[in-house]
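Trainee: I have a structure to learn today. Can we go through it step by step?

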Amino acid sequence: MEVDYGKLIRMCRKRAKLSQEAFAHLLHTTQSTISRIEKNIIVCEAKFLEKAAKITNSEDIVIRTMFGIDVFTQLAPTVPMFIGGFSLWI
């Protein structure tokens, strides 16, 4: 599965309700660079994607997209067991 990084960056930005200009400011780059990334004219580096996900609180979207599956849906049944086991351990 090939990841559309431009679309992924755009989804993160829109989720945070940021304009390209405001997003660029937070990432210490230019609006033009954000536009070119979103159009897949240039490829963003992993560090850029990580920072964008943190700034927009979109880590979940990035994980789902990168792995091509809904990791959270698959792991959801194990969370109560883990939390319950952890509380017993404490």
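Mentor: Start with a side chain. The side chain of Q20 makes a polar contact of 2.8 Å with the side chain of E38. Keep in mind that this is a predicted model.

Trainee: Which side chain does a polar contact of 2.6 Å join to that of Q20?

Mentor: Look along the contacts of Q20 beyond four places in sequence. They are R13, Q31, I34, S35 and E38. The side chain joined to that of Q20 by a polar contact of 2.6 Å belongs to Q31.

Trainee: Is Q20 buried or exposed?

Mentor: Q20 lies in helix α2, residues 20–26. Its relative accessible area is 18%. Buried means under 20%. So Q20 is buried.

Trainee: Now helix α4. How wide an arc do its buried residues cover around the axis?

Mentor: Helix α4 spans residues 46–56, and its buried residues are F48, L49, A52, A53 and T56. They lie on the same side of α4, because the arc they cover around the axis is only 135°.

Trainee: Which residues are exposed on the other side of α4?

Mentor: The buried residues of α4 are covered by elements including α1, α2, α3 and α5. Turn to the other side of α4. The exposed residues there are A46, K47 and K54.

Trainee: Which residue follows α4, with a positive phi?

Mentor: Helix α4 covers residues 46–56. Step past its end and check phi. The value is positive, near 55°, and the residue is N57.

Key
Residues numbered from 1 in each chain as written. Predicted model: local features only at pLDDT ≥ 70, side-chain atom pairs only at ≥ 80, totals over all residues. Heavy atoms only, no water. Helix = DSSP H or I, 4+ residues; strand = E, 2+ residues; numbered from the N terminus. Buried < 20%, exposed > 50% of the residue type's maximum accessible area, 1.4 Å probe, protein only. Polar contact = N/O pair within 3.5 Å; in protein donor to acceptor, adjacent residues only side chain to side chain. Contact = heavy atoms within 4.5 Å. Arc of directions from axis to C-beta.
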